[in-house]
Amino acid sequence: MTKRVALLISGRGSNMRVILEKNISADIQFLVIANRADSAGLVYVHDLVHNASETGIQTALIPSADFTQGVDFDRALQQRLDQFAPDFVLLAGFMRILGSEFVNAFIGRLINIHPSLLPAFPGLHTHQRALDARVLEHGASVHWVTTGVDEGEVIIQAPVPVIPTDTESDLAARVLAQEHIIYPAVLSWLVSGALRWDSGRMHYDDSVLLWCQNYGYRTPHA
Ligand code: GRF
């Protein structure tokens, strides 16, 4: 059965791009929404849609700068999403904190990727903060979104080593390469039903656990 997936971006959009390029399933309809007109990811997806006759990708721009109140932006976003009726909404470098009204409307369908091993380093500038804290290990987390920022239950984490000579951009690149593996994987599990949110909690099949164990990724219950 066709699944409907919304990808919310603000800037570069590399996670969105790998998700679109990995061709996770022919049965996914995508809606990409950007909140900034200068998002490079939006430019990429416009080109993609322009150059292909049938991509199964819709796009929308809802500039958050046009709204003085965050809650009004959230409502405009929700209205567009409700028209699309997404099974899942993936935040992929979406640089807005969404209010509780929005989050509660999509709970169990709303997922984020964050560039740290949560609960370490929520918020911004995670790579520099990891370097400053001299941690030996850093990484990325995919998690369900709840009303607390970067606080929802973790689905999967990709650890990477921190090398003493690392610059912020070295570390960011190492983490991003892992993001590009785990976010498409999570979407494929959501689409296949191997990963579910039901009655207020996460459920996943053994296949998810095995994949994580085989490839060195972490799930909270492994
Ligand atoms: C990624 O590091 C993601 O974890 C964070 O924002 C960054 C977005 O990168 N939430 P991109 O726009 O997907 O390239």
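The following questions and answers go through a predicted model of one protein.

Reader: Which conventions apply to this predicted model?
Author: Local features need pLDDT of at least 70, side-chain atom pairs count only at pLDDT 80 or more, and totals for chains, interfaces and linings use all residues. Side-chain values use heavy atoms, with hydrogens and water left out, and residues are numbered from 1 along each chain as its sequence is written.

Reader: How many helices and strands are there in the protein?
Author: Helices (H or I, at least four residues) and strands (E, at least two) are DSSP runs, numbered from the N terminus. By that rule the protein has seven helices and nine strands.

Reader: What is the radius of gyration of the protein, and what would a compact globule have?
Author: The radius is taken over C-alpha atoms, and the globule rule is 2.2 Å times the number of residues to the power 0.38. The C-alpha trace spans about 45 × 40 × 35 Å along its principal axes. For 222 residues the rule gives a value near 17 Å, and the protein agrees, with 17 Å.

Reader: What share of the 222 residues is buried?
Author: Buried means under 20% relative accessible area, exposed over 50%, and partly exposed in between (1.4 Å probe, protein chains only). On this scale the buried share is 47%.

Reader: What share of the contacts with a separation of 6 or more joins residues 24 or more positions apart?
Author: A contact means heavy atoms within 4.5 Å. Among contacts in the protein with a separation of 6 or more, the share from residues 24 or more positions apart is 65%.

Reader: Is alanine 6 buried or exposed, and which residues does it touch?
Author: Alanine 6 lies in strand β1 (residues 3-9). Its relative accessible area is 0%, so it is buried. Leaving out residues up to four places away in sequence, alanine 6 touches Leu31, Leu81, Phe84, Pro86, Phe88, Val89 and Leu90.

Reader: Which residues of α1 are buried?
Author: Helix α1 is mostly covered, with six of its eight residues buried. The buried residues are Ser14, Asn15, Met16, Val18, Ile19 and Leu20.

Reader: Where is asparagine 23, and is it buried or exposed?
Author: Asparagine 23 sits in the loop between α1 (14-21) and β2 (28-34). Phi there is near 50°, a positive value in a residue other than glycine. With a relative accessible area of 62%, asparagine 23 is exposed.

Reader: Is phenylalanine 121 buried or exposed?
Author: Phenylalanine 121 is found in the loop between β5 and α5. This residue other than glycine also has a positive phi, near 55°. Its relative accessible area is 16%, so phenylalanine 121 is buried.

Reader: Which peptide bond is cis?
Author: The loop between β5 (110-114) and α5 (126-132) also holds proline 119. With omega near 10°, the cis bond is the one from leucine 118 to proline 119.

Reader: Why is strand β6 largely enclosed by the rest of the structure?
Author: Strand β6 covers residues 137-144. It is largely enclosed because the number of its eight residues that are buried is seven.

Reader: Which residue in the turn between β8 and β9 has a positive phi?
Author: Strands β8 (residues 195-198) and β9 (residues 201-204) run antiparallel, joined by four bridges. Tryptophan 197 has methionine 202 of β9 as its bridge partner. The two strands form a hairpin with two residues between them, and the turn residue with a positive phi, about 50°, is serine 199.

Note on methods
Two strands pair if DSSP finds at least two bridges between them.
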